[in-house]
Amino acid sequence: MPPPAEKIPEIAGVDPRALPDSVLNSTRPLVLRGLAEHWPVVRAGRQGARATVDYLLKYYQQATVGAFLAGPEVRGRFFYNEDLTGFNFRPVKIKLDTVLDEILRFENDPKPPALYVGSTTIDAALPGFRAENDFDFGARDPLASIWIGNRTRIAAHHDLPDNLACVAVGRRRFTLFPPEQLPNLYIGPLDFTPAGQAISLVDFHAPDLTKFPRFEQALRHAFVAELGPGDAIFIPSLWWHHIESLEPLNVLVNYWWRSSPAYMDTPMNTLFLAMMTVRDLPPEQRAAMKQMFDHYVFEPAAENFAHIPPGARRMISGFDADRARELRAFLLQRLNR
Amino acid sequence: MTQHALLNNVHHKDLRIVTQRAARYGDDIMASPTFPAEFRNVQAHYPIVFHRTDQGEFVPLALFGFREKQNLFLGEAGWDAPYVPLMVERVPFLIGRGPNSEQVIHVDLDSPRVSHTEGERVFLEHGGNSQFLDRMSSMLATIHQGLAATNPFVAALVENELLESFALDIQFRDGGQHRMTGFHTIREEKLANLGPEALGKLHQKGYLQAIFMVIASLAHFRDLIERASKLDATAR
């Protein structure tokens with residue numbers, strides 16, 4: 001058996017009306033107990049599933065949402081099918097109140113179907129909800145989303161934005177890994193994914209260590225936390241996270257923001273393009289490109305460019321929104337061939 | 001037959017579209033749907049009339065001929081007018097709905113315009129969008145918006161009782177005759193007697209301009225008759 005995973009450090013006494021930079025700029029995961037315990041949705045959640053649904057429906061205006069549906073046999077684990085040619089769930093567009101009714105209908109069923117409304121923009125689905133259930137992010141302008149479901153498991157994956165996730169109702173278990181655990185997590189296809197992000201192929205409830213032996217290494221570097229109503233977790237950008245929802249009804253509110261300017265596209269685009277244009281070059285050419293990436297991207301030391309008059313360094317000296325626009329136009333034209 | 005497929009740069013990498021105008025490419029049409037946003041261009045060349053569908057809805061049409069399959073603008077050298085209505089130009093592309101109900105481009109693979117050897121390339125050599133595709137794509141967006149704005153326009157015409165059916169008795173130069181029926185046009189008398197409030201409402205929505213463009217377009221019946229007169233009496 002692997003060693004018990006490390007607990008995520010917890011900090012208390014954070015003021016939800018003024019989230020400090022020490023939390024929001026952290027590069028390590030943090031648990032903030034009770035950060036949202038004053039939220040009305042958290043209070044409603046403590047009254048039970050029916051009260052939770054009634055509370056959410058106060059803000060319901062016939063919104064259609066994306067939902068994942070799967071039979072009881074998947075035991076809440078949204079994943080691929082056997083040979084990774086499809087998925088074990090059905091993505092549907094559905095009225096939010098219908099999903100909520102279904103969740104209630106199976107509340108006491110020991111083997112319910114898996115019902116999950118993931119990553120749904122709160123202001124679109126439940127307008128007004130944030131007026132009384134929200135944090136103050138100051139100058140940051142995060143995307144606020146709500147996640148509603150019964151007992152489900154979302155495979156380990158990562159996201160580019162920093163993430164503050166808050167359990168509003170129910171309980172969730174978070175298992176986190178630092179970015180460098182990539183090779184030990186056995187990440188699946190990049191361009192055919194259940195919900196946009198590539199996922200670990202390891203079943204965390206029954207890891208097949210013959211098939212995925214290095215997963216044991218990953219577990220040595222895992223951080224875990226179980227969150228209850230009102231508890232929040234900060235997940236740094238690109239940290240892998242596996243999330244289990246543990247109750248018959250679970251609601252999560254999360255905030256995503258990027259610490260870099262909006263004109264910076266996702267570097268995943270760069271990775272994909274590099275796979276197409278760099279990876280399969282002859283070895284000498286690839287080595288030359290590796291050096292160029294180091295020189296210009298990964299280790300752009302000032303002395304590399306001291307020979308260029310500062311006013312002539314252009315892209316090398318850095319980007320602003322206008323320079324990014326210029327490059328975007330250039331790349332769009334070059335890519336469209 | 002039509003076979004609509006979601007356009008994509010893998011399955012349709014060699015797709016070309018013939019843009020020549022000829023009967024064998026399906027241009028032998030008597031009329032084409034149009035929409036108020038296009039009236040300014042259409043009324044410069046074609047009569048605009050209204051067709052009542054079996055469901056009782058009125059559809060504005062650009063008229064090219066007097067009977068089924070007759071397009072008096074179609075000749076050996078192609079389409080003899082500087083403006084071809086967008087609903088004709090868009091063929092074989094159409095707007096469809098993607099999995100997230102977003103707008104996507106579909107192509108009718110059974111259209112005679114579809115080719116792999118001649119015509120405009122849809123995709124560039126490595127899968128980029130050709131200028132032709134970019135033009136088609138913005139054309140489809142214009143049509144989509146234009147058609148959506150047609151229903152309220154027609155509803156306002158109906159509400160003000162501004163549509164009436166008409167019959168056109170045509171006298172060709174050589175004495176031949178033809179009677180065209182089945183279309184509706186603007187009831188000019190009723191329009192002239194509309195009160196300031198009703199006119200103001202129509203004007204506010206831009207409908208008044210469109211109404212007068214429809215009226216002005218009827219002058220092109222003279223051109224249509226002229227074109228038909230040049231045909232053999234049997235071809236009319």
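Two strands count as paired if DSSP finds at least two bridges between them. The exercises below apply this to a predicted model.

**Exercise 1. Work out which strands pair with β12 of chain A, and in which sense.**

Solution. 
- Step 1. Take strand β11 (residues 172–177) of chain A: 5 bridges link β11 to β12(A), and the pairing is antiparallel.
- Step 2. Find a pair of facing residues: A:Leu176 lies opposite A:Phe223 of β12(A).
- Step 3. Take strand β1 (residues 6–7) of chain A: β1 runs parallel to β12(A) and is joined to it by 2 bridges.
- Step 4. Find the partner here: A:Lys7 has A:Val224 of β12(A) as its bridge partner.
- β12(A) pairs with β11 in the antiparallel sense and with β1 in the parallel sense. In general, strands of a sheet pair through backbone hydrogen bonds, either parallel or antiparallel.

**Exercise 2. Sort the side chains of strand β12 (residues 223–227) of chain A by face and burial.**

Solution. 
- Step 1. Apply a cut-off: a residue is buried if 20 or more other C-beta atoms lie within 10 Å of its own.
- Step 2. On one face are A:Phe223, A:Ala225 and A:Leu227, which are buried.

**Exercise 3. Give the strand order of the 9-stranded sheet in chain A and identify its edges.**

Solution. 
- Step 1. The order is β2-β3-β13-β10-β15-β8-β7-β4-β6 in an open sheet with mixed pairing.
- Step 2. The edges are β2 (10–11) and β6 (90–95) of chain A, since each of these pairs on one side only.
- Step 3. At the β2 end, β2(A) pairs with strand β3 (residues 30–32) of chain A over 2 bridges, in the parallel sense.
- Step 4. Within that pairing, A:Glu10 is bridged to A:Val31 of β3(A).

**Exercise 4. Locate the nonpolar cores and describe the surroundings of A:Cys166.**

Solution. 
- Step 1. The largest nonpolar core holds 74 residues, and A:Cys166, A:Ala168, A:Leu176 and A:Ile233 have the most contacts inside it.
- Step 2. Strand β10 (residues 162–169) of chain A gives this core its largest share, 6 residues.
- Step 3. Leaving out residues up to four places away in sequence, A:Cys166 touches A:Leu35, A:Ala36, A:Ala232, A:Leu252, A:Val253 and A:Asn254.
- Step 4. A second, separate core of 25 residues includes B:Phe58, B:Val154, B:Leu157 and B:Ala228.

**Exercise 5. Describe the overall build of each chain.**

Solution. 
- Step 1. Chain A has 10 helices and 15 strands. Its radius of gyration is 22 Å, close to the 20 Å of the globule rule for 337 residues, so chain A is as compact as a globular protein of that length.
- Step 2. The C-alpha trace of chain A spans about 70 × 50 × 45 Å along its principal axes, and 31% of the residues in chain A are buried.
- Step 3. Chain A is assigned domain 1 (6–257) and domain 2 (267–335), with 35 Å between their centres.
- Step 4. Chain B has 8 helices and 13 strands, and its C-alpha trace spans about 60 × 50 × 30 Å along the principal axes.
- Step 5. Of the 236 residues in chain B, 25% are buried.

How values were computed:
Residues are numbered from 1 along each chain as its sequence is written. Chains are lettered from A and ligands numbered from 1 in the order in which they are written. This is a predicted model: local features need pLDDT of at least 70, side-chain atom pairs count only at pLDDT 80 or more; totals for chains, interfaces and linings use all residues. Helices (H or I, at least four residues) and strands (E, at least two) are DSSP runs, numbered from the N terminus. A residue is buried if 20 or more other C-beta atoms lie within 10 Å of its own, exposed if 12 or fewer, and partly exposed in between; C-beta atoms are placed from the backbone. A nonpolar core is a set of buried Ala, Val, Leu, Ile, Met, Phe, Trp, Tyr and Cys residues joined through C-beta atoms within 7 Å. Two residues are in contact if their C-beta atoms, placed from the backbone, lie within 7 Å. Domain bounds come from an automatic or database domain assignment. The radius of gyration is taken over C-alpha atoms; the globule rule is 2.2 Å times the number of residues to the power 0.38.
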